[in-house]
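Biologist: Hi, I'm new to this one. Could you open it up and walk me through a few spots?
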Amino acid sequence: MAGTEGVTADGAPTSAYASPARSLGDPGITPLSPSHIAKDSDANDAEEQSFLVIVAVDFGTTSSGYAYSFTKEPEYVHVMRRWEGGDPGVSSQKTPTTILLTPERKFHSFGYAARDFYHDLDPNESKHWLYFEKFKMKLHTTGNLNLETDLTAANGKKVKALEIFAYALQYFKEQALKELSDQEGSGFENSDIRWVITVPAIWKQPAKQFMRQAAYKAGMATSENPEQLIIALEPEAASIYCRKLRLHQMIDLSIKGPANGYNPSDTISTGFTPAKEHIRRNRQSRTFLVENVIGEIWSELEEGDRYIVVDSGGGTVDVTVHQIRLPEGHLKELYKATGGPHGSLGVDYEFEKLLCKIFGEDFIEQFKIKRPAAWVDLMIAFESRKRAAAPDRTNPLNITLPFSFIDYYKKFRGHSVEHALRKSNVDFVKWSSQGMLRMSPDAMNALFKPTIDEIIKHLSDLFEKPEVTKVKFLFLVGGFAEAPLLQQAVQDAFGSKCRIIIPQDVGLTILKGAVLFGLDPAVIKVRRSPLTYGVGVLNRYVEGKHPTEKLLVKDGTRWCTDVFDKFISADQSVALGETVSRSYTPAKPSQLVIVINIYSSEHDNVRFITEPGVKKCGTLRLDLTGTDISVPSRREIKTLMQFGDTEIKAMAIDVATSKSVKAGIDFLNY
């Protein structure tokens with residue numbers, strides 16, 4: 001009765017490399033039918049809930065924000081009201097992703113408020129407060145992320161990551177509810193809102209699930225009502241927004257003549273002056289009219305045309321390749337999301353390396369621990385100069401050193417900062433008499449180079465892939481896309497292959513797209529599965545085909561254990577709501593508790609669940625005790641997995657009794 005492909009038997013959870021069937025004496029399940037895919041048109045068995053408003057939260061590495069739209073006026077997207085605080089030289093509709101906890105570990109403040117309060121604390125007092133910034137990257141870089149993963153505050157103390165993320169989301173939830181209630185003049189309830197939280201497409205499943213758990217903890221939705229929260233992928237959100245662009249809302253780097261009355265070369269060198277003027281004039285209005293039309297750029301795209309969205313943010317660069325499907329203009333993902341940790345933080349890291357080179361790594365490490373608030377100050381000063389970097393800049397960039405840096409350095413080394421600069425062989429950074437580091441434009445550009453090189457290399461590799469030929473447009477979005485140096489590098493490298501387009505309010509692209517996604521989540525019709533999924537079952541043992549160490553003899557039957565029965569392969573395309581179904585039968589007919597374990601792997605050709613890289617990520621436990629229907633001799637257990645959403649759902653049904661059990665795929669608790 002066994003299927004011919006790899007299939008396995010499984011018992012309760014055990015270590016990944018023990019043979020579950022053998023160690024537990026668990027009879028397991030065995031395949032009953034050839035596999036088939038059920039295209040389930042009404043896959044959304046949950047009746048659509050109606051929400052009054054969609055609120056999207058762009059939880060970024062360096063800055064965050066929210067935007068919303070009332071479902072009765074979907075063409076208006078409102079960006080959150082302007083935040084208190086703000087930096088000289090940096091105009092922003094978002095707030096820094098920074099959070100401050102009191103010495104008792106209670107939430108104190110978020111964003112500019114957190115940063116400014118922390119900065120104003122007396123140094124002796126500030127070392128007891130817990131300040132966190134740029135902590136989102138931890139979800140990407142932690143190999144075995146789980147609900148116990150810690151984050152380290154500026155003072156070196158550790159706090160559970162889940163708490164910090166939940167505090168941040170709770171803050172956004174409260175701000176949004178308050179703004180909505182003020183605007184409508186009546187109290188808004190959380191139940192009126194559908195939340196959308198954006199995450200990088202290249203995040204692994206555990207990180208996406210972690211975000212959902214944090215949102216539940218923040219009270220945005222519950223595990224009983226998961227539909228209230230959508231996890232959206234950042235470049236997909238950007239892609240949805242880019243479809244709506246009109247020509248006056250973007251800058252086309254590939255047009256050499258004047259575009260919309262100004263020359264794109266000005267745009268590159270001055271860093272979007274005309275666009276900024278336009279935004280400054282409209283600063284009072286935070287409402288964007290998303291015309292319910294297909295934008296002009298889009299109207300040039302034909303059925304089957306391909307385009308790339310490069311979402312370059314603070315922490316990661318996320319690249320997706322989409323194809324248009326007409327007539328509705330639905331999107332199809334052509335190649336699984338790729339990217340890496342090549343965000344603008346890389347530039348900060350290079351600046352830190354430069355400081356270590358000039359002042360010594362030992363001093364910088366000590367300074368960060370002993371004067372954490374002053375270190376934050378220094379990085380803020382760097383941030384505003386970083387935004388002034390441009391390819392053809394000729395005058396130097398000055399970075400103010402905080403007084404406590406100069407003072408602490410003298411105590412630490414016994415000589416002045418000026419002396420250190422003279423002595424170091426870094427000749428493109430000088431000391432100016434006003435107490436500033438003076439960097440030549442070349443020195444600043446050199447800090448960008450490693451990160452930009454990584455992005456260009458990544459895109460070059462991607463353009464080599466057969467799925468990525470004949471790309472018409474490349475949309476450059478995300479906060480780092482504002483950097484003229486990155487714009488020019490992308491234009492120089494790929495301008496001959498496709499048209500490079502930058503939406504004007506490029507930092508808000510994802511936020512607005514996420515709202516549109518919340519209004520119509522079915523707009524992305526086909527995705528690529530990031531992993532291979534399957535379950536563990538028993539197969540009849542075949543001499544010569546199966547390894548002898550997998551042989552298990554039970555009640556006179558020879559079984560092969562640990563075989564992986566594949567549901568879907570990595571990078572296989574899956575339609576929204578597509579359901580894959582398999583039928584199994586208990587290896588022992590009298591079995592009343594049936595446990596089906598679900599496994600995932602990044603590899604395609606998995607045969608056994610004991611192979612390296614195969615991870616358990618879900619369990620379906622079907623308890624049939626107390627069902628007194630006469631059981632057929634061959635009991636059929638139907639297992640369904642629904643793909644295509646940003647999360648995956650699984651279900652097992654006992655066909656004889658219609659008893660069923662559902663489970664989400666869980667990457668955090670195994």
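Biologist: How do the axes of helix α12 and α13 cross, and within what distance do they come?
Modeller: The axes of α12 (residues 361-370) and α13 come within 5 Å and cross at roughly 110 degrees. Axes here are lines fitted to C-alpha atoms, for helices over the stretch in contact, with angles from 0 to 180 degrees between N-to-C directions. The two helices are therefore roughly perpendicular, the word for 65 to 115 degrees; under 35 is roughly parallel, over 145 roughly antiparallel and the rest oblique. Before we go on, this is a predicted model, where local features need pLDDT of at least 70 and side-chain atom pairs count only at pLDDT 80 or more, while totals for chains, interfaces and linings use all residues. Residues are numbered from 1 along each chain as its sequence is written, and side-chain values use heavy atoms, leaving out hydrogens and water.

Biologist: Which residues meet there?
Modeller: From α12, Ile364, Phe367, Lys368, Ile369 and Lys370 meet Pro372, Ala374 and Trp375 of α13. Contact means heavy atoms within 4.5 Å. The residues of this contact divide into 6 nonpolar, no polar and 2 charged.

Biologist: What about α2 and α13, how do their axes cross?
Modeller: The axes of α2 (residues 112-120) and α13 come within 8 Å, crossing at roughly 130 degrees. That makes α2 oblique to α13. Arg115, Tyr118 and His119 in α2 meet Pro372, Ala373, Val376, Asp377 and Ile380 in α13.

Biologist: Is α13 mostly covered or uncovered?
Modeller: Mostly covered: 12 of the 15 residues of α13 are buried, meaning under 20% relative accessible area, with exposed over 50% and partly exposed in between (1.4 Å probe, protein chains only). Among the buried ones are Trp375, Met379, Phe382 and Glu383.

Biologist: And what span should α13 have?
Modeller: At 1.5 Å a residue, α13 (residues 372-386) should span 21 Å, and its end C-alpha atoms are 21 Å apart, which agrees. The expected span is 1.5 Å times one less than the number of residues. Helices (H or I, at least four residues) and strands (E, at least two) are DSSP runs numbered from the N terminus.

Biologist: New topic: where is Gly435 found?
Modeller: Gly435 sits in the loop between β20 (429-432) and β21 (436-439). Gly435 is buried, with a relative accessible area of 14%.

Biologist: What is Gly435 in contact with, leaving aside its neighbours within four places in sequence?
Modeller: Thr400 and Leu401 are in contact with Gly435. The C-alpha atoms of Gly435 and Pro402 are separated by 8.9 Å, and these residues are 33 apart along the chain.

How values were computed
Ala, Val, Leu, Ile, Met, Phe, Trp, Tyr, Cys and Pro count as nonpolar, Asp, Glu, Lys and Arg as charged, and the others, Gly among them, as polar.
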